[in-house]
Amino acid sequence: MGLGNSSDLCPNPRNWMTDGLNLVTKLNIRKTINAFQILSSYYYSKATKKVAIKGLPFSMSIEPTTSCNLRCPECPSGLRDFTRPTGMLDFSLFKQVIDQVHEHLVYLLLYFQGEPYLHQQFFDLVEYASKKGIYTSTSTNAHFLSDESARKTVESKLDRLIISIDGSSQDTYEQYRVGGSLEKVIDGTERLVYWKKKLKSNTPHLVFQYLVVKPNEHQLDEIRALAKTIGVDEVKFKTAQIYDFENGSPLIPDNQQYSRYRKNEDGTFSLKNKLLDQCWKMWHSCVMTWDGKIVPCCFDKDATHSMGHLGQNTFREIWFGESYQNFRQAILKSRSEIDICKNCSEGTKVWG
């Protein structure tokens, strides 16, 4: 499942400010200049419809694993229907890419598909990137947050932890998080809050992420209250990508604020947003699969648009390479003709 725009709620604004300041501390002159180069080359490319790329990505996602314990619908990991190989990220490969990108990288999301906490060296991944001055984040279904795991999470210096919680009751939660336990999610979150206080740590910044779908759209106020009671730093409501949305889906919410789709007069559904021929993500970020493939974004679940492999080329060679440049040019020419773009709202956001 892909994620669309979000409505953010912060029970304690001071926590949001602390997290923001923490992110700012990851910047230096070199990273700031790089970000400016990326931004300026993006606007130049958008205006001229000709690809120009200066600078390297300041945001990146790296996939620890494709394995997952749940069976969520609309998710390749949950459905076990990947066409690409499944597996675990090798720590040496991770070190290799971090060593190549850390001088310009500000933000690292240790997630693409799968459940990151299933990776036996997950905390080693976090610690290595953190020591390189990178803001680290991950997303979890929170089923593996034992007391020891919660303590290690805080000690690893992970900066942000996104916890998927798609319901305030077990009955609602399990309609999407198939095979999941809401009690485990709440218990794990409470352990994290405990260890943050125990170790007097401001990190990780804890985020409840709530995918708004029809079965759970009536519990938004309840999840706000739950987050405040536990001591979660922030709540994010996310719109959900539905793969086969044209003829409707029982997951599309009635509340249009949290739906990416609108119902047409003939009963079919379409994206609310136009597919503009532009994409900020192609200039400032990328994704690496567990086995070293560089793909353009998180919508390429099966890595069908691999731009290169880190076992064969350096990151710089891939980023400025012909495949990537051709893909960026295709975006500027006609984004609607690219398969992974047809169900995406990117390009209509702040930098779009």
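Helix H2 has a buried set of residues: Lys31, Asn34, Ile38, Ser41, Tyr42, Ser45 and Lys46. Seen down the axis of H2, these residues fall within an arc of 135 degrees, so they line one face of the helix. An α-helix has 3.6 residues a turn, so residues three or four places apart point the same way. The model is predicted, and every value here is computed from it.

What does the other face of H2 carry? Turned away from the buried side are the exposed residues Ile29, Phe36 and Ala47. "Buried" here means under 20% relative accessible area, and "exposed" means over 50%.

Which elements do the buried residues of H2 pack against? They meet three helices: H10 (281–284), H11 (315–319) and H12 (322–334).

Now look at the two ends of H2. At its start, Asn28 uses a side-chain oxygen, which comes within 3.1 Å of the backbone nitrogen of Arg30. Just after the helix, Lys49 has a positive phi of about 65 degrees.

H12 is a partner of H2, and it has its own buried residues. They are Tyr324, Phe327, Arg328, Ile331, Leu332 and Ser334. These pack against H2, H10 and H11, and also against strand E10 (285–288) and strand E11 (293–295).

| Helix | Number of residues | Span between end C-alpha atoms | Expected span |
|---|---|---|---|
| H2 | 20 residues | 29 Å | 28 Å |

For H2, the span is close to the value expected at 1.5 Å a residue.

Step back to the whole chain. Its secondary structure comes to 12 helices and 12 strands. The C-alpha atoms fill a box of roughly 55 × 50 × 40 Å along the principal axes.

What radius of gyration would a compact globule with 352 residues have? It would be near 20 Å; the chain has 20 Å, which agrees. Buried residues make up 55% of the 352 residues.

Contacts also reach along the sequence. Take the contacts in the chain with a separation of 6 or more: 71% of them join residues 24 or more positions apart.

Finally, consider the surface. The accessible surface of the chain is about 15800 Å². Carbon and sulfur atoms account for 51% of that area.

Key: Residues are numbered from 1 along each chain as its sequence is written. This is a predicted model: local features need pLDDT of at least 70, side-chain atom pairs count only at pLDDT 80 or more; totals for chains, interfaces and linings use all residues. Side-chain values use heavy atoms; hydrogens and water are left out. Helices (H or I, at least four residues) and strands (E, at least two) are DSSP runs, numbered from the N terminus. The expected span of a helix is 1.5 Å times one less than its number of residues. Buried means under 20% relative accessible area, exposed over 50%, partly exposed in between (1.4 Å probe, protein chains only). The arc is that of the directions from the helix axis to the C-beta atoms. Contact means heavy atoms within 4.5 Å. A polar contact is a pair of N or O atoms within 3.5 Å; within protein, one must be able to donate a hydrogen and the other to accept it, and residues adjacent in sequence count only if both atoms are side-chain atoms. The radius of gyration is taken over C-alpha atoms; the globule rule is 2.2 Å times the number of residues to the power 0.38. Accessible areas come from the Shrake-Rupley method with a 1.4 Å probe; for residues, only the protein chains shown count as cover.
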